[in-house]
Amino acid sequence: MSAISRRSGLLSRGAIALALAAASAAVAMPANAAKKEKEAAAPAASKIQMSKAFQPLAIAAQKSLDTAKVRPDVVAAQQAVKTATDAYNAAQGSAARKTAMTQREAALASLLTAFSAERTQIEALKGAATTPDDNFVAGQLLSGLGLAAQDMKIVRSGYEAMLVSGKYPAADTPKLQNAIGSICYDLKDYACAVTQLDAAVKMGYKGDATEVLLADSYIQQGQVQVGLDRLMAGIKARSASGTVAPQEWYRRGLSAAYKAKMLDQAGAFSNALVEAYPTKENWAGAISILRLVAKYEVQERLDLMRLMQRTDSFSDGSDYFEFIQAADPRRLPSEVLTVMNAGLAAGKLQRSDISVTEALSQANERVRTETPTLPGLEKSAMVPTATGNSISATADALMSYGQTAKAEALYRIALQKGGVDVQRVNTRIGITLFDQGKYAEAKAMFDGITGIRQPMARLWSVYASQKMKPAV
């Protein structure tokens, strides 16, 4: 699975990398994979009765394969593959990795060539098989050859022969289907992967990556909605059983929803990610993805960046500048100063940056001249002739200065007056409640938000829920 490319812009590189990270594992040694896959090739004991004509051919083929595995030329070829794989995993940079991959593929081809005689002998068994038991044994020998030669196409062929023979133990069949589906996925045969992995899941198989590979197989075929639904179902099933799905599952869903510009799905996976793994990095990723997908206007961006501030998930200077631009040192100077000072203390903003010094100067001057006027603004907002918008603007100013209880009261009056953006005001009532430590009330307010702000409000709701829980 290849990593998803990052986009440029105001979003921090660190947040985007985390938000869009898909599995980008180094090439696993087939010898290690073989150890795991052999479980599929070795079912629980069941009586196999080969036909009389087939049995001596199978015994001879098994003997040839066993002998070949310890031949000096094969051992040397296997070592060459290991060396080439180690070199690939250690390579730095796309050019070096491309060269190393070419060398690894050449080493694998040489290893397969070393088994040429054995391959011809074992593949001939398929034509000689006349019973289901014969076909099962032929499949076992073929998969054994593929594992020894580290050729997963041959392994797949062998496993499929074992499956269709009807002789594989029923209790272990989901394991075999998962193995075939996983190989198909790696070979980019996503239709096969869907068929086999779906069958395994429906029969109750719970592998470490079965659900996510199944979901991504749908996504790779352009069935993004189906894939996301299956992935979320797998996550919820894990949760219902008392376990938490791997973090990569959530990130995979989030990145797929982002690529497809599916706002609701991006929001759902963002929520699920930070609920299960509430790290600063995940909060940064979830918030950054929502910023990209939702394409919020300045007021929505401001309230989303306020969540980034409270989760302490600013990744780099671009996040701080996003907040500064949305808040504007001329409108909400106190809030801008708080964030800028935090950025300077964290080393993410530099006083040598002219844009930083200008914003600091503007904010400091506005705070100096505006602070004495706040009582008068509050008094004016209480007169009967005040409009909903003017009252809401005063509440914005008071909230910016940390006077959250007063701001909450004014926001509620503004709603009564009417003529305001109801969802914006309700969002900010939720924030003032949150800042007062009234987390249950804040969550209830966020849960009632509708429209374009709903995905953002859901993230706020998740954070409020987490603040309600006792500290561990």
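## Helix H19 and its neighbours

The buried residues of helix H19 pack against helices H17 (317-327), H18 (333-345) and H20 (374-381); buried means under 20% relative accessible area, exposed over 50% and partly exposed in between, with a 1.4 Å probe and protein chains only, while contact means heavy atoms within 4.5 Å. This is a predicted model, in which local features need pLDDT of at least 70, side-chain atom pairs count only at pLDDT 80 or more, and totals for chains, interfaces and linings use all residues. Residues are numbered from 1 along each chain as its sequence is written, and side-chain values use heavy atoms, with hydrogens and water left out.

Which residues of H19 are buried? They are Val-356, Ala-359, Leu-360, Ala-363, Val-367 and Glu-370. Seen down the axis of H19, these buried residues fall within an arc of 120° (taken from the directions from the helix axis to the C-beta atoms), so they line one face of the helix. On the face turned away from the buried side of H19 sit the exposed residues Ile-354 and Arg-368.

## Helix H15

Helix H15 covers residues 280-294. Of its 15 residues, 13 are buried, so H15 is largely enclosed by the rest of the structure.

## The whole chain

The protein chain has 25 helices and 0 strands; helices (H or I, at least four residues) and strands (E, at least two) are DSSP runs, numbered from the N terminus. Buried residues make up 49% of its 472 residues.

Technical notes
The expected span of a helix is 1.5 Å times one less than its number of residues.
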